[in-house]
Amino acid sequence: ATLQAQVEELVHNRLESLKERHVTQAAAVVIDNATGEVLALAGSRDFFSPNGGQINGAWAPHSPGSAVKPFTYLLAFQRGLTPASIIADLPIEFQTSTGIYRPENYDHHLYGPVTLRMALGNSLNISAVRVLEQSGGPERLLDTLRHLGLTTLTEDAEHYGLGLTIGNAPVRLLELANAYACIARRGVFKTWTLLHGQPTTEGQRLFDEATCHLIADILHDNQARLLTFGQHSVLRLPFPVAVKTGTSSSYRDNWTLGFTPEFTVGVWAGNFDNTPMQDVSGVTGAGPIFRDIMLHLHDRFGTQWYAEPKEIVHARIDPRTGKRITAQSPPSRLSRDEIFLPGRLPPVAVATDYDTQGRALLGPEYGAWLRSRDNWMGDLVATRTRSAAERLSIVHPLSGTVIRLDPDLPGGGRRLLLEAHGAADVTWTCETLPIMIDGAQPIALLAPGTHILVARSAATGEVQRTTIIVHAE
C-alpha cells in the first residue's frame, strides 16, 4: 500500500509539470520479477477525479510506438545476427497489400551504417523495419508477442505488416510491462497477478538467457542511445537500468518501460480522449515518471545488475563495419568493445576494409547519405566504388516489353521469367501481378494490363523497375 501511494503521488506530481503541454493523464505499473506480482498499479492521475479518473490507463489499449522494438532485436539475435551486425539506415520501401510502405525515423534523419546496438539504442525506425524483415517478418514477431501475453493483437500478420515493430498495433501497458519482465527474468515468462502471496509458478522459458542478456546490455548502455537522446537524458540513472521509450504518431501516446533484475516498471502518458500532446515524447512525458519510480525502488529496496552469462564472448569491433579488430588488423580510428553469443564472432577487419587514410569503405549504396547533412561520421567513412557489372539491373523483361498471351502455349503463355544481375539476394514484387518461385526462379503470372515489376536487393536496398504491357489473345 505504501508503494502504491508513492507511485500515485509521483504520477500526479509529474503531470502537474506537464499540464501546459496538454498531458492530462498517465498510468504506471510495478512488477515483482521473481513472482509476477503487480506491486503497484496507477491507472490514472486521480482515481476520484470525475474527468476520467476511473479509466484504467494501464489496461486501455494504446499504440506503443517504439516500445515493442526490443522483441524484434531479440528475434534477430536468435536467428544469428549480433549487436555488431551492420544495418543500412537508408531509405527503403516495401510492397504491401495496401500499397507502398516507406518507414521514416522519428527525427526524419538517416544514420547510414549502424550496428544493431546503435539501431536499438537510438530507436531507429528504418533499421527496426529492416531487421524485422531479415528476422522472420511480422508473422514471427506477432507470434512472439502473443506468447508473451499481449491479448489485443487479434488481427493477422498481414494486417499489421512490418509496421508492427514500430507500434502500429494497440497494446495494454500492464501486458507489455509483463513482456519486458520476461526479458528481465532472462527469458522466463510468468503470468502477472494482482493477488499477493499466490504460489510462485516455475514459469515457461521462451528465450535463452544469453540472448536476453544482449538486449538488457543494450538497453542500459547510455552510449548506445547517444545520437538520439544525448549524454544526460532522464534515461541515464545513477545505477544500471534497462530502459526503452516509445512515442506514437502525432504524440498521442508515450511510453517508458524498463527493468532491473528485481523490478519491471512501465509508464504510459497521454490523454484519455486521444487528443495529441504538444511535442511530448517518451523521454519527456513518461520518462521522468519512470525515473522517479525507479529511483524510489532503488532507494527503498535496493537494486542490482546481472552477472554476465559464462558463455558470453567479448571482442573489439569497428562500429563502422561491424568487423572484429585483432592484432593482425590495420590500426582503426574507431573501435568499441562488444559482446557476442558463442560461435557468432564477426569476420576480422582486414586492410581492404579501409582506404589509405584509414576511412572505412562502405558500399556505393551509402554514397548519397555520405554526401548529405545526415552523415554524422564525417571523414571516418568513404564509399567503395563498384563497377557497372556489380550494380543491380533487370535483364528480363526489358522496360516497355509488350507481351501477347497465347492460348496455344502451355498455361496460355502466362508465365514470365524474371531475371536480374548484380545481386544474389533479389526479391521481386508487383502490385498488379502475382509472383511465384519455381525452384529458385522467380516467375510472374501474367494478366492483361500495364504492370510495373520491382526488383530489390535485400542487402543494399537498391531498387530497379521495369514496365510491361500485356494484351489478351
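Leucine 148, leaving aside neighbours within four places in sequence, is in contact (heavy atoms within 4.5 Å) with Phe71, Glu175, Ala179, Cys182, Phe189, Leu206 and Phe207. The model is predicted: local features need pLDDT of at least 70 and side-chain atom pairs count only at pLDDT 80 or more, while totals for chains, interfaces and linings use all residues. Residues are numbered from 1 along each chain as its sequence is written, and side-chain values use heavy atoms, with hydrogens and water left out.

Leu148 also belongs to the largest nonpolar core, which has 67 residues; Phe71, Leu148 and Leu176 touch the most other members. Such a core is a set of buried Ala, Val, Leu, Ile, Met, Phe, Trp, Tyr and Cys residues joined through side-chain atoms within 4.5 Å. Buried here means under 20% relative accessible area, exposed means over 50%, and partly exposed lies in between (1.4 Å probe, protein chains only). Helix H7 gives the most to this core, with nine residues. A second, separate core of 31 residues includes Leu18, Phe229, Val267 and Met294. In soluble globular proteins, nonpolar side chains tend to be buried together.

The aromatic residues come next. Across the whole structure, a search finds eight aromatic pairs. Rings of Phe, Tyr and Trp (its six-membered ring) pair if their centres lie within 6.5 Å; planes under 30 degrees apart count as stacked, over 60 as edge-to-face and the rest as tilted. The ring centres of phenylalanine 71 and tyrosine 180 are 5.5 Å apart with planes at 90 degrees, so this pair is edge-to-face. It links distant parts of the chain, with phenylalanine 71 in helix H2 (residues 69-78) and tyrosine 180 in helix H7 (residues 173-184), 109 residues apart. Helices (H or I, at least four residues) and strands (E, at least two) are DSSP runs, numbered from the N terminus. Both phenylalanine 71 and tyrosine 180 are buried.

Tryptophan 305 and tyrosine 306 also pair edge-to-face, because their ring centres are 4.9 Å apart and their planes lie at 70 degrees. Tryptophan 305 is partly exposed at 23% relative accessibility, whereas tyrosine 306 is buried at 13%. Ring pairs link these two residues and Phe259 into a cluster.

A charge also sits over a ring. Arginine 172 lies over the face of tryptophan 59, at 4.1 Å from the ring centre; the criterion is NZ of Lys or CZ of Arg within 6 Å of the ring centre and within 35 degrees of the ring normal.

For the cysteines, the search of the whole structure finds zero disulfides (pairs of cysteine sulfur atoms within 2.5 Å). The sulfur of cysteine 212 has its closest cysteine sulfur in cysteine 182, at 6.1 Å, which is too far for a bond. Cysteine 212 is buried at 0% relative accessibility, and cysteine 430 is buried at 12%.

Two further residues show links across the sequence. Isoleucine 403, in strand S18 (residues 401-404), is buried with a relative accessible area of 15%. Not counting residues up to four places away in sequence, isoleucine 403 touches Leu416, Leu446, Ile468, Ile469, Val470 and His471. Arginine 140 lies in helix H5 (residues 137-147) and is partly exposed at 28% relative accessibility. The C-alpha atoms of arginine 140 and leucine 75 are separated by 8.2 Å, although the two residues are 65 residues apart along the chain. Beyond its neighbours within four places in sequence, arginine 140 is in contact with Leu75, Gln78, Arg79 and Ser135.
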